[in-house]
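Open the model in your viewer and keep the selection tool ready. We will go stop by stop.

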Amino acid sequence: MPEVEYTTTAKLRVDTVWEFVKEMDNWAHFVTGYQSHEKLDETDSVWTLKGDVGVLARTLKFQVHVTEWGGPERVTFELKGLNEEMSGGGLLLIQSDDAAGAGSADSAPGRGFLARWIEAVFRFFFRRVHGAVKRAPAADAGPGPGVAKLTFRLRIEPGGPMAPMISALMRPAMVPAAEDLANKIMAHLEARQAGA
């Protein structure tokens, strides 16, 4: 099952990040491939994303169920494919960055050279298509007071007879998408703070 995690920091207050993240309408359009989302109630929504994984291009619909609104630091969710056999989940975690490092991309220990190379190629082409997220000069500042750390974790398990092939293609594509979402949220908040 492909799973990725990305963490970044910004000179923002944790409650500032939470106030933005707790309302999905604020950041939904930052999700790579975003087409639309519809809130059904406080915990359930339906998302439509256009995904390109290798030579496969699909429009995917997901039922997203928030399992925890743990403000001001955590949102956890589960997802289920409505038009494709997929399931998974993830989390957005917001913490004060008083002790830990920042800007860490997912790099599971023991991952081979080929896997890291494939991810680098996907990241290169992703940036060519989607561009790099512009962050404030103080982005990914070291740990200290007044620094918020945002972690985005996502896991997706494809189903059906092509699941192993899709799974192998998905993880390298998910890495830059996770980076993109976290960085776009923080860049938006940094720009808003600079303009205030």
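Helices (H or I, at least four residues) and strands (E, at least two) are DSSP runs, numbered from the N terminus. This is a predicted model, in which local features need pLDDT of at least 70 and side-chain atom pairs count only at pLDDT 80 or more, while totals for chains, interfaces and linings use all residues. Residues are numbered from 1 along each chain as its sequence is written, and side-chain values use heavy atoms, with hydrogens and water left out.

**Stop 1: a strand residue**

Select Thr 48. It sits in strand S3 (residues 44-53). Its relative accessible area is 13%, so Thr 48 is buried (buried is under 20%, exposed over 50%, partly exposed in between; 1.4 Å probe, protein chains only). Now show its contacts, meaning heavy atoms within 4.5 Å. Beyond neighbours within four places in sequence, Thr 48 is in contact with residues including Tyr 34, Gln 35, Thr 59 and Leu 60.

**Stop 2: the core**

A nonpolar core is a set of buried Ala, Val, Leu, Ile, Met, Phe, Trp, Tyr and Cys residues joined through side-chain atoms within 4.5 Å. The largest one here has 40 residues. Val 17, Val 21, Trp 27, Leu 154 and Ile 185 have the most contacts inside it. Next, select helix H4 (residues 163-195): this helix gives the most to the core, with ten residues.

Zoom in on Val 17. Leaving out residues up to four places away in sequence, Val 17 touches Leu 12, Ile 94, Ala 148, Met 186 and Leu 189.

**Stop 3: one side of a helix**

Which residues of helix H1 (residues 14-21) are buried? They are Val 17, Trp 18, Phe 20 and Val 21. These residues cover an arc of only 165 degrees around the axis, so they lie on the same side of H1. The arc is that of the directions from the helix axis to the C-beta atoms.

**Stop 4: salt bridges**

A salt bridge is a side-chain nitrogen of Lys or Arg within 4 Å of a carboxyl oxygen of Asp or Glu. The structure holds seven.

Select Lys 39 and Glu 23, whose side chains form a salt bridge (2.4 Å, N to O). Lys 39 is in strand S2 (residues 34-39) and Glu 23 in the loop between H1 and helix H2 (24-27), so the pair ties together parts 16 residues apart in sequence.

Finish with Lys 184 and Asp 180, which meet in a salt bridge (3.2 Å, N to O). They are four residues apart in helix H4, so about one helical turn separates them. Lys 184 is partly exposed at 26%, whereas Asp 180 is buried at 2%.
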